[in-house]
Amino acid sequence: MGRRCWPRRLLAAACFGAALLLLGAAPRALRPAFENGALASGWLGWKRRSPLQMLYDLDQGPRTALAEVHRQRRDLLHRACSRHTRRQRLLRPEDLRHVLVDDVHGLLYCYVPKVACTNWKRVLLALSGHASGDPQAIPAHEAHVPGRLRSLADFSPAEINRRLRAYLAFLFVRQPFERLASAYRNKFARPYSAAFQRRYGTRIVRRLRPRPHPDALARGHDVRFAEFLSYLLDPRTRREEPFNEHWERAHALCHPCRLRYDVVGKFETLAQDAAFVLGLVGAPGLRFPAPPPQARAAASRDQAAQLFRDISPFYQRRLFDLYRMDFLLFNYSAPSYLRLH
C-alpha cells in the first residue's frame with residue numbers, strides 16, 4: 001500500500017462528507033486517525049494502538065507474506081474501482097446499515113450474508129464481552145438479533161464520518177456464484193427456511209411456474225434453481241423491492257468504491273484472513289469459529305458447478321452480467337463451468 005496510498009482513506013471520508021451535505025452536515029478537513037491524538041484518546045484510549053494504527057505500522061515496515069496479500073487486495077480493489085465505476089450517487093446513512101460498529105476496538109465490519117457473517121457477528125459480540133468472550137458459545141440466532149450490534153446507519157452524519165476516518169474497516173467476500181448457490185440451498189432447499197420460502201418462494205412460483213400446484217403456491221417450498229435465477233433476472237423483481245441481502249451483490253451492500261476498506265478478506269482463505277484481522281485488533285487469543293473443512297468446501301464448489309451446468313448459456317451470461325462488478329472488484333475469475341462465449 002505504501003505511504004502514498006494512505007491519503008486515499010481521506011478521499012473516501014471526504015466523499016462521504018460530501019454525500020452528507022445533502023443531509024445538512026458540513027464536512028470538515030480530515031486527518032488520519034493515527035495522527036489525531038484527541039480522536040484516539042476520546043474513543044480508543046492510550047493503553048493500546050488502534051487496529052488502524054496497527055495496520056499502518058505494519059504497512060510501513062517489512063511486510064509478512066499475509067500483509068503483502070492484503071496490501072495487494074487493497075490496491076487491486078482501488079484500481080478496479082477507478083477502472084470500472086463512473087459517476088455514482090451519493091451515499092446516505094441508510095446505505096450503511098450493513099456496516100457494523102465496534103466502538104471499543106475501533107472496527108467497522110460490513111457483513112455479506114453467506115460469507116461467514118454469522119461467525120463474524122459472534123466474534124464482534126464476543127469482543128464486547130458476550131459469552132465470556134467465546135464466539136462458539138453464542139447461538140447463531142442470537143448473533144442476528146436486531147440491535148445487538150450497532151450499525152453505522154444508527155449514527156449522525158458527523159459521527160459516521162469520524163468513525164470512517166478513525167476505525168479499521170473490513171469486509172469478507174466470496175466467489176459470487178458459489179455464494180449465490182449457497183443462498184439458494186440454504187433458503188430454498190432446506191426445510192427450516194419455511195418462513196423465507198413463504199415470503200419469496202410463493203412469489204417465485206406464482207410469477208414463473210405455469211399451472212403451479214396449490215401446495216407450492218401456498219408454501220413456496222419447491223423452488224427450482226432455474227426459477228430462482230429467472231426471478232433474479234426478471235426486471236420486475238428489483239422494481240418491486242431491493243434484492244434480499246442473501247443474493248444482493250456484495251458491492252451493493254458494502255459500497256467498496258465509496259468507502260475505504262482496509263482489509264478485504266475472502267471466504268476461500270477465511271482462517272488466515274480472520275486471524276489477520278484479529279491480530280490487528282489485539283485479540284490473537286480469540287479463536288474465530290473453525291471454517292468448513294476442505295472436503296466440505298470442495299463439495300460446496302462442486303454443488304455450485306452442478307447447479308450452474310444445468311442453466312442455459314444465455315441465462316449464464318445474463319447472470320454473469322448481473323454479478324460482474326463483484327467478479328471485477330474482488331478479483332474473481334469467471335468459473336470454468338460457465339459457457340460465456
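**Charged pairs and a helix crossing**

I started at Glu142, which is partly exposed because its relative accessible area is 29% (buried means under 20%, exposed over 50%, partly exposed in between, with a 1.4 Å probe and protein chains only). Before going on, I noted that this is a predicted model, where local features need pLDDT of at least 70, side-chain atom pairs count only at pLDDT 80 or more, and totals for chains, interfaces and linings use all residues. I also wrote down that residues are numbered from 1 along each chain as its sequence is written, and that side-chain values use heavy atoms, with hydrogens and water left out.

**Entry: Glu142's partner**

Which side chain meets Glu142 in a salt bridge? I found Arg148, at 3.3 Å, N to O. A salt bridge here is a side-chain nitrogen of Lys or Arg within 4 Å of a carboxyl oxygen of Asp or Glu. Arg148 has a relative accessible area of 30%, so Arg148 is partly exposed. I jotted a reminder that side chains of opposite charge can pair when their charged atoms come close.

**Entry: other salt bridges**

I looked up the total, and the structure holds 22 salt bridges.

Arg199 and Glu241 pair at 3.7 Å, N to O. This pair links distant parts of the chain, 42 residues apart: Arg199 sits in helix H9 (residues 194-208), and Glu241 in the loop between helix H12 (235-240) and helix H13 (250-254). Helices are DSSP runs (H or I, at least four residues), numbered from the N terminus. I have Arg199 as partly exposed at 46% and Glu241 as partly exposed at 21%.

Next came Glu68 and Arg71, bridged at 2.5 Å, N to O. Both lie in helix H4 (residues 65-84), 3 residues apart, about one turn of the helix. Is Arg71 buried or exposed? Arg71 counts as buried, at 17% relative accessibility, while Glu68 is partly exposed at 22%. The two also belong to a network of salt bridges with Asp59, Arg63, Arg74 and Asp75.

**Entry: H11 and H16**

I then followed helix H11 (residues 225-233) to helix H16 (residues 313-322), where the axes come within 10 Å and cross at roughly 50°. The axes are lines fitted to C-alpha atoms over the stretch in contact, with angles from 0 to 180 degrees between N-to-C directions. That makes H11 oblique to H16 (under 35 degrees is roughly parallel, over 145 roughly antiparallel, 65 to 115 roughly perpendicular, and the rest oblique).

Leu229, Ser230, Leu232 and Leu233 in H11 meet Tyr315, Arg318, Leu319 and Leu322 in H16, contact meaning heavy atoms within 4.5 Å.

Notes: Helices (H or I, at least four residues) and strands (E, at least two) are DSSP runs, numbered from the N terminus.
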